[in-house]
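Here's a quick walk through one structure, with a stop at its sheets, its ligands and its charged pairs. Have the viewer open as you read.

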Amino acid sequence: MKAVSTFLVLLNFLTSCYGWTCTAAPQQLDAAQLDAGEGMVVMTDKLSNVFFLSGSSWSKLGSVPLKHVSVGPAGIWGVNHNERVFKFAAGDFIPVLGLELKQVDAGGESQVVGVNVSNTIHCLDASKALSIKQQGLVTWNTLEGQLMYFSCGPNGCWGVNSFQQIYFTKVSPNSCGISGWTKTDGAAVKVEVGTDGRVFVVNSSGNLYERMGISDSVPQGTGWSNVDFCLPIKHASYDLGRLWLVTEGGVILACTN
Ligand SMILES: *[C@@H]1O[C@H](CO)[C@@H](O)[C@H](O)[C@H]1NC(C)=O
Ligand SMILES: *[C@@H]1O[C@H](CO)[C@@H](O)[C@H](O)[C@H]1NC(C)=O
């Protein structure tokens with residue numbers, strides 16, 4: 001009964017508050033983080049279980065507990081609580097040895113990027129990222145600079161540092177070479193780039209922004225537009241026309257505009 005009334009309150013909230021049209025997605029208790037890419041939606045819960053969305057329910061993905069999971073052209077990648085890196089292969093997550101990272105992103109042009117607990121920035125080139133089929137040692141490139149969160153899409157990569165400053169760069173998928181860092185306006189704690197290049201950030205108050213004016217000639221875009229949600233947002237991810245949100249309260253929403 002409580003669940004039903006909470007749901008109704010939520011629905012009311014949705015219709016009255018959103019610029020985007022959002023509906024409650026299939027729910028999974030204690031949702032912590034979510035990533036959408038290549039048509040797949042994956043998530044972790046507070047107990048580090050990994051799930052993927054199939055039809056109207058979440059199914060367990062693999063047997064390895066992970067605190068962060070990412071899906072994209074490079075496959076499905078994640079990290080566990082000891083900062084060990086894993087790639088999904090042959091039905092389960094296999095360890096990728098070489099570096100310990102607190103966050104990885106598989107959304108670039110088949111390269112994988114990530115940051116470690118000291119906020120150093122790392123990249124695994126596309127040929128290495130794609131060819132891993134079994135547990136093994138890989139050599140990551142280290143990029144200059146320091147970030148606490150890093151995400152790539154087809155038009156470039158976006159990161160936020162520990163001062164909540166937002167940076168853009170292009171990363172070459174084959175060499176992991178970068179075009180240099182461009183600092184943008186605004187402040188954020190998390191950034192996610194969709195597989196189609198749309199860029200969203202969440203600030204420390206849980207407010208969501210989308211980058212406007214991104215084009216081939218201005219890949220860093222021109223400004224931030226506040227996506228006005230009434231609920232504080234913990235996590236946002238965008239793929240194939242759908243914006244996926246996890247609210248601070250752990251509710252999963254799917255939105256279109
Ligand atoms: C993070 O990576 C840098 C560069 O590879 C390394 O020097 C540092 O020790 C790493 N930090 C941790 C905690 O592993
Ligand atoms: C987050 O965004 C909201 C909405 O624009 C703004 O009012 C708030 O000051 C921002 N918080 C921080 C810490 O930047």
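## Before the sheets

Two strands count as a pair if DSSP finds at least two bridges between them. Keep in mind that this is a predicted model.

Let's start with an open sheet of 4 strands, in the order 15-16-17-18, with antiparallel pairing. Its edges are strand 15, covering 149-153, and strand 18, covering 182-184, and each of these pairs on one side only. From one strand to the next, the twist averages 25°.

How many bridges join strand 17 to strand 18? There are 3 of them, with strand 17 spanning residues 166-169 and the two strands running antiparallel. Since the cut-off is at least two bridges, strand 17 and strand 18 therefore count as a pair. If you want one bridge to click on, take Y167, whose partner in strand 18 is K183.

## The sheet with strand 1

Another open sheet of 4 strands has the order 1-25-24-23, again with antiparallel pairing. Strand 1 and strand 23 (233-239) sit at the edges with a single partner strand each, so one side of each has no neighbour in the sheet. The twist here averages 25° from one strand to the next.

Strand 23 is joined to strand 24, residues 242-247, by 6 bridges, and the two run antiparallel. One position to look at is H235, which has V246 as its bridge partner in strand 24.

## Around ligand 1

Which residues are found around ligand 1? They are N116, V117, S118, T120 and H122. By class, that shell comes out as 1 nonpolar, 4 polar and no charged residues.

Now for the polar side-chain atoms. One from N116 lies 2.3 Å from an oxygen atom of ligand 1, and one from S118 lies 2.8 Å from a nitrogen atom of the ligand. Taken alone, ligand 1 exposes 360 Å², and the protein buries 47% of that.

## Around ligand 2

The residues around ligand 2 are N203, S204, S205, N207, Y209 and N226. Sorted by class, they give 1 nonpolar, 5 polar and no charged.

Where do the side chains reach ligand 2? For N203, a side-chain N or O atom is 2.3 Å from an oxygen atom of the ligand. Y209 also has a side-chain N or O atom 2.3 Å from an oxygen atom of ligand 2. S205 meets a nitrogen atom of ligand 2 instead, with a polar side-chain atom 2.9 Å away. On its own, ligand 2 exposes 360 Å², of which the protein buries 51%.

## Salt bridges

Side chains of opposite charge can pair when their charged atoms come close. How many salt bridges does the structure hold? The count is 5.

One of them links K46 with D30, and their closest N and O atoms are 3.9 Å apart. K46 belongs to the loop between strand 3 (40-45) and strand 4 (50-54), while D30 belongs to the loop between strand 1 (21-24) and strand 2 (31-37), so the pair ties together parts that are 16 residues apart in sequence. The cut-off for a salt bridge is 4 Å, so the K46 and D30 pair, at 3.9 Å, falls within it.

Definitions and conventions: Residues numbered from 1 in each chain as written. Chains lettered and ligands numbered in written order. Predicted model: local features only at pLDDT ≥ 70, side-chain atom pairs only at ≥ 80, totals over all residues. Heavy atoms only, no water. Axes fitted to C-alpha atoms, helices over the stretch in contact; angles between N-to-C directions. Near = heavy atom within 4 Å. Polar contact = N/O pair within 3.5 Å; in protein donor to acceptor, adjacent residues only side chain to side chain. Areas by Shrake-Rupley, 256 points an atom, 1.4 Å probe, with all protein chains shown as cover. Nonpolar A, V, L, I, M, F, W, Y, C, P; charged D, E, K, R; others polar. Salt bridge = Lys/Arg side-chain N within 4 Å of Asp/Glu carboxyl O.
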